[in-house]
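Dear colleague,

I am handing over the structure below, with notes on what was found in it. Please read the notes with the model open.

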Amino acid sequence: MLFPLTMTSVLISLCIIILGCLIVARYRDVYERIKIPLAIITFFSGLVLYIFGYMPDYVLLGELPEPGETPPDATAIALRALFSTCRIFIMENDWGDVNAILQNHAIYTLLFSVVHACGLLITVLTLLSLFGLHFISRIQLMLSRPSETYIFCGLNEYAYHLIRSLRENGRDRRIIVIEGLKQSSEQEEVLVKKIRENQCILIDRNIGEVESFKKLKLPARCYQKPIHFFLLSEQENANLETAIRLLQNAKKDRTPVNHLILYILSSSENTGKILDQVRKDCGITVDFKIFSIEDLAARQLMETCPIYETLELDTREAMVHSDFTLFLAGFGRMGVEVLRKALYNGQFYGGHFKAIITDSAMGSREGVFNNRYSAIKSNYDIRFVQADPGSSAFYDLLIENIHAINYVVVCLENDRLSMETALEIQRLLRRQGVKRAVTIAVQISESAELSHYQELALLPGIRIFGRSSDIFTESIIINESMDRMARAMNALFNGIYHVEPADNWFELDEFTKESNRSAAMNIRTKLRLLGLDMAEAGKCDREPVRLEEYLQGTRLENLAKQEHLRWNAFHFASGWTTWDLSETAGAKKAKDLANKRHACLVPWEKLAEVTKRFNQVPSFEELDFMQVRNIPQILAASGYVVFRID
């Protein structure tokens, strides 16, 4: 018997179990905080109730004992009450042994029932919390009704950082982790702890078994809202294979994946092409983003240390009056990505782009780079030097260009060496009497190295980028605002050529999407050239201005020229080359997609010749003007307002 009211005990027990499931499913973190205080209150309440329940009649009635009657043994009553109280938590009670006077007392009966109900609830919640993770996860899937779903295929360091970022930016989100629990008990305990800390829903399935959404058994309503699916394993081939299986089986199972966005960790340039082809073969409309660690780190660097901050901006003319010189120490995969990002983020009308790059193995690395991006060296002032960090040649090169360098990046594939080199460069700048501000950024992959230098107070003036906790964040990886701008930009461009539907974002190949994203990310740079900035409409406390009033005359023309410089640099940094007009005989378009050549990859002054050759209407120069004029519409459609910088 669970409760004194035996006829309803089973029904009450079932209700409590269901209530326990609901509490653990939706408020597990709350229960974890209150379970100990609740258990203590329940225990002492039960102890008091049983002590009174085992009192003799005359004590309860406030009378004297009958002559010859043995007085009550307080110790025996206390021990008996303690034993009965412990039975509360194993879903038993000793109601039958309670004094008959109290059994007929309504208030006592109510309190007795409440205490035993709490004991049962605590037991059920504890058992569910310890052993009912799979069951609770399924209940969570059924009960949760957030606007978006985030699914992580595996819980590694990268996924963990991104999940924490998602939770910090929004508590009401459905986050699902697919991870098999067939590990050592210690590993499983750590995994389950992380899942609980971040209120994630667990699907106990090995990553290699993730073949289709149908097998994940997601509620149908999940597919009516955006689903963000993350493949962040360090085994990049496994990420691609899983993505292909999901797309192919989505077609077979007729899974409605129109709101699906895949996020794939991959450093291969062929991943996008492969997924584009699979998507077309399957005839499904899904979006996907492909990125590498180097891509994310370089993107973070450009956002946290924007190049325009190092230049002398002329906001009256929307141009610059100073050159940009990058000194890059280390030309591994990270160095290559930093150069590519700096190339198309560092294009300004009125200024000259220059890069000095050093590496101890430059002989082989320069050759690979020039072969892959053959047009960069011929179109930009880039100097490759083989020099060990710390060598005389290294510092002689720095001293030779000390008064021109305004942006230093150190990424030597060794955290300690990178940090020490950055500190030495900082000392050299001070010793040489360089007064102007020079950005010094160092790539760090392990936080332990950073903390060591922070403790010694050696980091003033040095910017850190590339740590997993800094790049696996919602703002860097998902960045929905950037995608909204890129999508609006693409739709407006389609309107020029009467493409239907104008919003054909899901039909675009990966390169075209990235091209639009690059242009969207450059909007803030253009605003800074006007002395302006932007913010989300609901979070801006400044007086908005009409951007159209600034996009006129010389400013508009200079921004159009800057846009063409950026567009050229993005294509060159993506492996494209100039398609000479002498080689375009018979071509109807200025773009040769198969060979990654474009006739518009020329200086602004030569665009008129390309326009004439292809009878382009509107002209290619006008397209750059229109790209700038469209910025107010793009920002408005994305929920941004523009304000002046004081």
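**Cavities**

The largest cavity is lined by Met489, Ala519, Ile523, Lys526, Glu563, Gln627 and Ile631. Sorted by class, this lining holds four nonpolar, one polar and two charged residues. The space inside the largest cavity is about 40 Å³. The count of cavities of 30 Å³ or more comes to two. Please keep in mind throughout that this is a predicted model.

The largest pocket has a volume of about 1,600 Å³. Its lining is made up of 49 residues, and the closest to the pocket centre are Ser268, Glu269, Arg340, Tyr373 and Ser574. At least two lining residues come from each of α11 (271-282), β6 (287-291), α12 (293-304), α13 (333-345), α14 (362-372) and α22 (510-521). Which of these elements gives the most to the lining? That is α13, with seven residues. By class, the lining of the largest pocket divides into 17 nonpolar, 13 polar and 19 charged residues.

The second largest pocket holds about 1,100 Å³ of space. It is lined by 38 residues, and those nearest its centre are Phe493, Tyr497, Trp567, Lys591 and His598. The helices α21 (480-496), α22, α24 (553-572), α25 and α26 each supply at least two residues of this lining. Its residues divide into 18 nonpolar, 12 polar and eight charged.

Three strands form an open sheet in the order β16-β18-β17, with mixed pairing. Strands β16 (577-578) and β17 (591-592) stand at the edges with a single partner strand each, so one side of each has no neighbour in the sheet. Strand β17 and strand β18 (residues 597-598) run antiparallel and are joined by two bridges. Lysine 591 has histidine 598 in β18 as its bridge partner. Both residues have come up already, as Lys591 and His598 are among those nearest the centre of the second largest pocket.

**Two helices in contact**

How do α25 and α26 cross, and at roughly what angle? The axes of helix α25 (residues 607-614) and helix α26 (residues 620-629) come within 7 Å and cross at roughly 115°. That angle makes α25 roughly perpendicular to α26. On the α25 side, the contact is made by Leu607, Ala608, Val610 and Thr611, and on the α26 side by Phe620, Glu621 and Asp624. By class, this contact has four nonpolar, one polar and two charged residues.

**Backbone points to check**

Valine 617 and proline 618 are joined by a cis peptide bond, with omega about -5°. Proline 618 sits in the loop between α25 and α26, the two helices whose crossing is described above.

A cis peptide bond also joins glutamate 500 and proline 501, with omega about -5°.

The last point concerns alanine 318. This residue is not a glycine, yet alanine 318 has a positive phi of about 60°. Alanine 318 lies in the loop between β7 (313-314) and β8 (319-320).

Regards

Definitions and conventions:
Residues numbered from 1 in each chain as written. Predicted model: local features only at pLDDT ≥ 70, side-chain atom pairs only at ≥ 80, totals over all residues. Heavy atoms only, no water. 1 Å grid on protein atoms, 1.4 Å probe; cavity = no way out; pocket = protein on both sides within 12 Å on 5 of 7 lines; lining within 4 Å. Points joined across faces, edges and corners; volume = space filled by probe spheres on them. Nonpolar A, V, L, I, M, F, W, Y, C, P; charged D, E, K, R; others polar. Pairing = 2+ DSSP bridges. Helix = DSSP H or I, 4+ residues; strand = E, 2+ residues; numbered from the N terminus. Axes fitted to C-alpha atoms, helices over the stretch in contact; angles between N-to-C directions. Parallel < 35°, antiparallel > 145°, perpendicular 65-115°, else oblique. Contact = heavy atoms within 4.5 Å.
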